[in-house]
Amino acid sequence: MSILSGMFKNKVSSYLGVDLGTGSIKVAELENVGGRARLVTYGLAEVETNVSRDDAKGSVEEIAAIFKQLLDKAHVRSRVAVAALPNFSVFSSVISLPELGPKELAEAIQWEAKKFVPMPIENVVLDWKVIDQKPEEKKEKNPEAAPPPGDGKKMARILLTAAPKHLVERYVNIFKLAGVSLLSLETESFALGRSLVGNDPSPILIADVGSLTTDLTVIEGGVPLLSRSIDVGGKTVTRAIAASMGIDEARAEQFKRDVGMGAALEPSGDGVGQMIATSFAAVVNEMKYSLGLYQGQGRTKIEKILITGGSAFLPSLPEFLTQSLGVKAYIANPWARVSYPKDLSETLDQLGPRMATAVGLAMREIV
């Protein structure tokens with residue numbers, strides 16, 4: 001699914017995935033070798049971009065300059081890229097419509113979008129994807145569910161996505177200024193599903209714990225069917241520790257990384273561990289809500305949570321989430337479907353959770 005697509009007549013040997021995150025810019029270049037993605041190079045620049053929320057006049061030029069410097073430093077050879085819009089800036093919803101021809105379906109979706117998209121249709125870039133799901137699979141998941149309305153007509157489920165036009169234009173301008181051709185622009189949830197889930201058909205909850213936000217996405221059959229976002233991330237926890245202990249953020253960050261969730265797992269735990277758990281409580285509650293919302297629709301139970309993002313390595317976070325939610329949680333590995341030199345294993349393992357979106361984007365034209 002692509003909010004923006006371009007066409008290139010010249011043969012492209014490798015693709016660049018670009019993640020303009022709120023706290024950093026990540027790039028991953030992959031090439032196709034016998035149908036498998038192989039790592040060409042990667043790069044990361046620590047810089048607060050916040051492209052979707054920052055309206056400062058100079059931000060586009062500044063981000064483009066930093067982006068270009070990163071490409072040079074990482075020795076990126078491809079200038080054809082796939083980028084992602086953050087989940088919290090994009091509206092998505094699953095709707096049902098009677099099965100129609102391509103032209104009729106496009107017209108029907110335009111009308112339906114007016115009911116669901118919380119902004120004027122003329123101000124968004126609209127995209128959709130028909131979700132293939134056999135009738136017998138639906139019955140197995142919820143045999144007591146009533147048939148969908150539509151006078152006996154077959155119904156199609158459609159994932160509807162709407163992105164603000166001004167945001168899409170900002171991305172296009174950044175890439176143009178950096179001298180990079182933007183092949184496609186999609187949502188982070190599709191990229192994460194591609195790099196972390198692959199062909200696994202079972203429903204999986206991905207928790208992308210970033211610097212300023214945490215995005216929750218349920219992927220089933222390679223399609224993100226539920227996406228939610230909350231304004232709590234790694235920096236939220238750091239700032240709470242700094243304010244409570246009267247220390248600067250650098251020292252608070254070190255406390256957070258040293259202590260993590262370990263103390264919160266103990267019944268009598270206190271101190272920094274409990275403070276971190278309290279700061280993270282909103283994320284846990286949102287995850288509980290997402291699990292309940294998805295499974296309350298009569299769907300297959302989610303039995304796995306994949307943690308990614310810059311704060312994924314918070315000590316004991318997988319154990320804490322497993323205990324809090326009753327669902328096994330793991331640190332995600334975006335390199336599982338990518339070949340790379342063995343001597344890079346340790347470095348890539350440490351960077352993995354931060355690079356998941358960029359890797360998934362670069363894989364788009366390969367897998």
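Trainee: Across which strands does helix H5 lie, and at about what angle does H5 run to E10?

Mentor: This is a predicted model, in which local features need pLDDT of at least 70 and side-chain atom pairs count only at pLDDT 80 or more, while totals for chains, interfaces and linings use all residues. Residues are numbered from 1 along each chain as its sequence is written, and side-chain values use heavy atoms, with hydrogens and water left out. Helices (H or I, at least four residues) and strands (E, at least two) are DSSP runs numbered from the N terminus; contact means heavy atoms within 4.5 Å; axes are lines fitted to C-alpha atoms, for helices over the stretch in contact, with angles from 0 to 180 degrees between N-to-C directions. Here H5 lies across E10 (204–209), E11 (214–220), E12 and E13, and runs at about 115° to E10. Helix H9 (residues 281–295) also lies across E10, E11, E12 and E13, running at about 150° to E12.

Trainee: What is the order of the strands in the open sheet, and which strands stand at the edges?

Mentor: Strands of a sheet pair through backbone hydrogen bonds, either parallel or antiparallel; two strands count as paired if DSSP finds at least two bridges between them. In this open sheet of 5 strands the order is E12-E11-E10-E13-E14, and the pairing is mixed. E12 (223–230) and E14 (328–331) are the edge strands, each with a single partner strand, so one side of each has no neighbour in the sheet. From one strand to the next, the twist averages 20°.

Trainee: In which sense do E13 and E14 pair?

Mentor: E13 (residues 304–308) pairs with E14 in the parallel sense, over 4 bridges, and Lys304 has Lys328 as its bridge partner in E14.
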